[in-house]
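Have a look at the sequence and the fold before reading on.

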Amino acid sequence: MKCCGLVSFPVYVLYDVYYITSTLLYADPNNNIEGVRKGFRPEFGMNVTAAFLQRNGLKYIIRSHEVAMQGYELHHSNKLVTVFSAPFYTKRIQNMGAVIR
């Protein structure tokens with residue numbers, strides 16, 4: 001199965017492939033750092049977003065992964081948006097859900 005022509009599934013869990021894939025899929029934006037912070041919760045700074053957008057001729061990045069209390073959250077000078085569509089995630093978090101249309 002192919003997704004967006006970028007990643008072929010299944011993704012095999014070899015350490016290097018797993019690390020790269022999980023970093024790409026699960027890294028979160030952080031306005032207070034430059035570059036990439038690796039570790040248990042990988043994060044990336046505004047300069048990473050700007051470089052990615054410029055290199056790929058894009059204006060915005062739309063992502064999902066982390067809970068956004070209002071259903072969405074803008075990051076990195078509004079060039080990156082997190083959309084989270086599951087309201088009341090795990091029935092313990094009082095978040096709203098959102099979609100982009």
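Which residue stands opposite Leu74 in strand 8? That place belongs to Val81. Helices and strands here are DSSP runs, with at least four residues of type H or I for a helix and at least two of type E for a strand, numbered from the N terminus.

**What you're looking at**

This is a predicted model, so local features need a pLDDT of at least 70 and side-chain atom pairs count only at pLDDT 80 or more, while totals for chains, interfaces and linings use all residues. Residues are numbered from 1 along each chain as its sequence is written, and side-chain values use heavy atoms, with hydrogens and water left out.

The pLDDT is the predictor's own confidence in each residue, from 0 to 100. For the protein chain it averages 82, and 76% of the residues score at least 70. Confidence is highest in strand 7 (residues 72-75), at a mean of 95, and lowest in strand 1 (residues 2-3), at 43.

The protein chain has two helices and eight strands. Read from the N terminus, the order is β-β-α-β-β-β-α-β-β-β. Of its 101 residues, 29% count as buried, where buried means under 20% relative accessible area, exposed means over 50%, and partly exposed is in between (1.4 Å probe, protein chains only). The accessible surface comes to about 8000 Å², and carbon and sulfur atoms hold 60% of that; the areas come from the Shrake-Rupley method with a 1.4 Å probe, and for residues only the protein chains shown count as cover. Take the contacts (heavy atoms within 4.5 Å) with a separation of 6 or more: 28% of them link residues 24 or more positions apart.

Two strands count as paired if DSSP finds at least two bridges between them.

Strand 8 (residues 80-83) is antiparallel to strand 7, with four bridges between them. Strand 6 and strand 8 run parallel and are joined by three bridges. Leu80 in strand 8 is the bridge partner of Ile61, and Leu80 is also the bridge partner of His75.

In a regular strand the side chains alternate between the two faces of the sheet. Both faces of strand 8 are covered: Leu80 and Thr82 are buried on one side, and Val81 and Val83 are buried on the other.

His75 lies in strand 7. Skipping its neighbours within four places in sequence, His75 is in contact with Pro29, Asn31, Glu66, Leu80 and Thr82. Pro29 is 46 residues away in sequence, yet the two C-alpha atoms are 7.0 Å apart.

Strand 7 and strand 8 form a hairpin with four residues between them. Two residues in that loop, His76 and Ser77, have a positive phi without being glycine: about 50° for His76 and near 55° for Ser77. How accessible are they? Here they are with His75 and two ring residues.

| Residue | Relative accessibility | Class |
|---|---|---|
| His75 | 7% | buried |
| His76 | 2% | buried |
| Ser77 | 55% | exposed |
| Phe84 | 8% | buried |
| Tyr89 | 37% | partly exposed |

**The other sheet and a ring pair**

Another open sheet has three strands in the order 3-5-4, with mixed pairing. Its edge strands are strand 3 (28-29) and strand 4 (36-37), each pairing on one side only. Strand 4 pairs with strand 5 (residues 43-44) in the antiparallel sense over two bridges, and Arg37 stands opposite Glu43 in strand 5.

Rings of Phe, Tyr and Trp (its six-membered ring) pair if their centres lie within 6.5 Å; planes under 30 degrees apart are stacked, over 60 edge-to-face, and the rest tilted. The count here is one aromatic pair. Phe84 and Tyr89 form it edge-to-face, 5.1 Å centre to centre with 90° between the planes.
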